[in-house]
Amino acid sequence: MRILAIARNTFRENIRDKILYNLILFALIMILSSVALGQLTLGHEDKVIVDLGLTSISVFGTLIAIFIGISLVHKEIEKRTVHALLAKPVHRAEFIAGKFLGLLFTLFINTAIMTAGLILTLMWHGGAGLQGYLRLLPAVYLIFLSLSLTTALALLFSTFSTPALSALFTFFLWVIGHFNYDLREFGRLTKSGALQSLCTTLYYLLPNFANFELIGSQNVIQGAAYYRPIDAAAVGWVSVYGALYGAILLGIAAAVFSRRDFK
Amino acid sequence: MKLMQSWRTQCRSWFICGIFFVAALMIRPVQSRIDTLLANPAPDQDLLYFAAPVMVEKLTLGYRSIVADIYWMRAIQYYGRRDEAARRPVRYKNLAALLEITTTLDPDMVDAYRAGSSFLAEPEPLGAGNPQEAIRLLDRAIARHPDDWRYAFDKGFIHFWYLRDFKPAGEIWLKTSRIAGAPVWMEPLAAMSLSHGGAMATARSIWQRQYRESDRADVKKNAMNHLLSIQVAEDMWTLEFLVENYVRKTGLLPWTLDDLVRSGYIKKAPTDPLGTPYQFNPQTGMVQLGLQSKVHYIEMPAVYREVFLQNLARQYPQYR
Amino acid sequence: MPAIEIKGLTKDFLVGFWKKHPVRALDNLDLSVEKGEVFGFLGPNGAGKTTTLKILMSLLRPTSGSARILGEPIDVVSMHARIGYLPENPYFYDYLTARELLTYVGRLFGIRQPALNRKVSQLLENVGLGQSGGIQLRKFSKGMIQRVGIAQALVNDPEVVFLDEPMSGLDPLGRREVRQVVASLKSRGVTVFFSSHILPDVEALCDRVAIMNRGRLQATGALNEILKVRIEGHEVILTGAGPRTIEALSGMCDQITALGERLVLRAGNSAQVAAIVECALSGGADLLSVIPIRPSLEDYFFEEITGTGL
């Protein structure tokens, strides 16, 4: 299909981008050094390795999602490669979908490599067998969901904004998205009805990244570090949220992109 | 003409290089000068210190687990410096705050509560010397984990050992013994503590238990030091007790502890548990550790001495 | 059914930072191109040529008016499967090799392996890049990029091909090759619509042209017709005329110039030409050439453009 062709091309572009390798290397170094760091905690080594490993996967994944995402569409417009592309029988929405899937696949490969690195480090260093470490996978899945949403955000901004502003907005929304609950609480605490409605509206409007990090009042990375099981139903609902919100973002991106003139 | 031009350009390049080099060399002395002009930046202001743990929690953005680990490592660094304590004073006032933040971020970190509270309670210069903060920390642990007997036990111990409040200690331990899963020795321990007489024995049994059960080298070492100190204290107080008796009998202070041997109070010249003989000061009548002693003596509070001597008097009425 | 049909096509651009005002880049263009034609689209910079092409490709949306390609409205994306497009100053993904690019384009058209590989190889050969298929585009020269551009426009064997300045950046060798490509397309019945500055090429290739200026259509029609209208007379070149012959001749023509050994005469009408020729021959001069003076496309072009006050 055409969308897959575009996705494949996007993936190839990402793979040949050097910044990707730097970030992966960094992440792997962090995971390995967590072994050294673990010595400092006197008995908590496993926990530190998992904590640092999962945090690295999340942080570096977010950086990749933002840095590559913000130029996904913008670069094509700047370099005018989009001209030849849209003269082919390709719908503008297909273009957006293809770009998104391409970056998503890149992130998937990254996350897989880093997770493999983490599990190998744990197996080399720690006690529990592979079985135990496979229980980290739900946490990795949730991190990946979070990355997908970040990608969709970056892609949306990429359709109409410069890379610098896109990065700023995406990062800003990513940070704000952790404070949704606080925002709503703030609204509840104030006496003003108007302020409360505003806060509640924002609560639903802004992307709620905390959804992916807090499952049943348990921080996901922390729960993984203590090898606690995770509530499957909650994970399911959170996935639905991610899919819905992501689809909305992509829809807006497709709409914006459809209305654009390419000078 | 052309040749001269390039020579000039070369000279200019070297000159510019030279300027850069000199400027780089000057940075260090200039900075040092600035440093001396400024007031010393307070070394006890820890960069990680935040007044409100809630703030830190908010700022971690979902990465609270690794941040908790970092705070814990920082807290350990404070305690790790205890061996240098003699060389420079270490400020522990941030320790309580760091531990509070750690346990806010990760309420399940057992060591942060247990080892942390013991770092807090240990008197200076080995610890922060702040048993009240230790109790606060353990209260948070108990609130979060009411079914875990270990925290209540630790809290009782702080009362017992560091605050010398035997009754509250005993009461806490009594309640603890009712928690499901509490070990069988909890109740007798409570009983021992509630009765004054058992203070030293209680302490000894607790330190022994800690030594046996902990797998942390630093905790074991600390327990051993306490055990040795208890033994040394008992030895010294016993010896002083005998000296007093000697004085009452003979009207004079003994010259050395060998006098006590000769007089039949003790069988041979007493040594500390690690083999160095005790020393006697004939001026004051006090017994001390030998100068070569390898025991890391931790001072016993006076109240223990009182209780111990009362018990001794009861046990050996002939020495009244 | 015409291959390309444009009716009343208008495009306004909003310019300015705070107060945006519209600038009309294309004003009510009406144009029609039949199947199999090679149609030249001319005009100075800023005339609206590229704007027109972009609107046809749905890269820009018109302010008003409509257009159809092969009978389909231009916003029907599936119609793109039957056309090819070479953008002006094209740029393609520089991290791909030529082969990878053409394969990618082929996939977008739904061409499957192994036919795709064969097609790509053939296209590369046709544009003279047979040896360079495995080199990354970022290492290509402008001329090579242009050739890849033509190749990617032909991947789907289109019925109509749109070329925006296809000769730009090419050396004479390259230009000839492009001319050959266009000629072969024409022989296969493909409609070619291309814009160009290079008038000799247009003269050589096109059946019909349209001349744009400042967003308006200036003139349109078969080249011969546009230029024949302006035949201004004839030019006779001879040599070896004796002084008496020269004197006689100067009375018969509008202008006489000596160029070294040769004499160049200009005559207003055909009758004069006949008289001059007879006179020259009887005077023993050698006739070198007799040609009608018609302005080249360039002259016509300049006159049309400057005549309207550019």
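How many residues does the contact take from chain B, and how many from chain A? It takes 14 residues from chain B and 19 residues from chain A. This is a predicted model. Two pairs of chains touch, and the pair of chains A and C has the most contacts. Chains B and C do not touch.

**Contacts between chains**

- On the side of chain B that touches chain A, helix α3 (residues 64-80) of chain B gives the most, with seven residues.
- That side of chain B divides into six nonpolar, two polar and six charged residues.
- The contact between chains A and C takes 18 residues from chain A. Chain C puts in 23 residues.
- Helix α2 (residues 98-108) of chain C gives the most to the side of chain C that touches chain A. Its share is four residues.
- By class, that side of chain C holds 16 nonpolar, four polar and three charged residues.
- The nearest C-alpha atoms of chain B and chain C are 35 Å apart.

**Nonpolar cores**

- In soluble globular proteins, nonpolar side chains tend to be buried together.
- The largest nonpolar core here has 186 residues.
- The residues with the most contacts inside this core include A:Ala139, B:Tyr71 and B:Leu120. From chain C, that group includes C:Leu101, C:Phe162, C:Val192 and C:Phe193.
- A:Ala139 touches A:Leu54, A:Val220, A:Ile221 and A:Ala224, leaving aside residues up to four places away in sequence.
- Another core, of 12 residues, lies apart from the largest one. Among its members are C:Leu249, C:Val273, C:Ile276 and C:Ala280.

**Domains of chain C**

- Chain C is divided into domain 1 (4-228) and domain 2 (233-293).
- The centres of these two domains, taken over C-alpha atoms, are separated by 46 Å.

**Sheet β2-β1-β4-β5 of chain C**

- Four strands form this open sheet, with antiparallel pairing.
- The edge strands are β2 and β5 (72-73) of chain C, and each pairs on one side only.
- Strand β1 (residues 4-15) of chain C pairs with strand β2 (residues 21-33) of chain C over nine bridges. In β2(C), C:Leu29 is the bridge partner of C:Leu9.
- The hairpin of β1(C) and β2(C) has five residues between the strands. There, C:Gly16 takes a positive phi near 105°.
- β1(C) also pairs with strand β4 (residues 64-69) of chain C, over five bridges. C:Lys7 has C:Ser66 in β4(C) as its bridge partner.
- Two bridges join β4(C) to β5(C), and these strands run antiparallel. C:Arg68 stands opposite C:Pro73 in β5(C).

**Sheet β12-β13-β11-β14 of chain C**

- This open sheet is formed by four strands, and the pairing is antiparallel.
- β12 (255-259) and β14 (286-293) of chain C stand at the edges. Each has a single partner strand, so one side of each is left without a neighbour in the sheet.
- The twist averages 20° from one strand to the next.
- β12(C) pairs with strand β13 (residues 262-267) of chain C in the antiparallel sense, over five bridges.
- Within that pair, C:Ala258 has C:Leu263 in β13(C) as its bridge partner.

Note on methods. Residues are numbered from 1 along each chain as its sequence is written. Chains are lettered from A and ligands numbered from 1 in the order in which they are written. This is a predicted model: local features need pLDDT of at least 70, side-chain atom pairs count only at pLDDT 80 or more; totals for chains, interfaces and linings use all residues. Two residues are in contact if their C-beta atoms, placed from the backbone, lie within 7 Å. Ala, Val, Leu, Ile, Met, Phe, Trp, Tyr, Cys and Pro count as nonpolar, Asp, Glu, Lys and Arg as charged, and the others, Gly among them, as polar. A nonpolar core is a set of buried Ala, Val, Leu, Ile, Met, Phe, Trp, Tyr and Cys residues joined through C-beta atoms within 7 Å. A residue is buried if 20 or more other C-beta atoms lie within 10 Å of its own, exposed if 12 or fewer, and partly exposed in between; C-beta atoms are placed from the backbone. Two strands pair if DSSP finds at least two bridges between them. Axes are lines fitted to C-alpha atoms, for helices over the stretch in contact, and angles run from 0 to 180 degrees between N-to-C directions. Domain bounds come from an automatic or database domain assignment.
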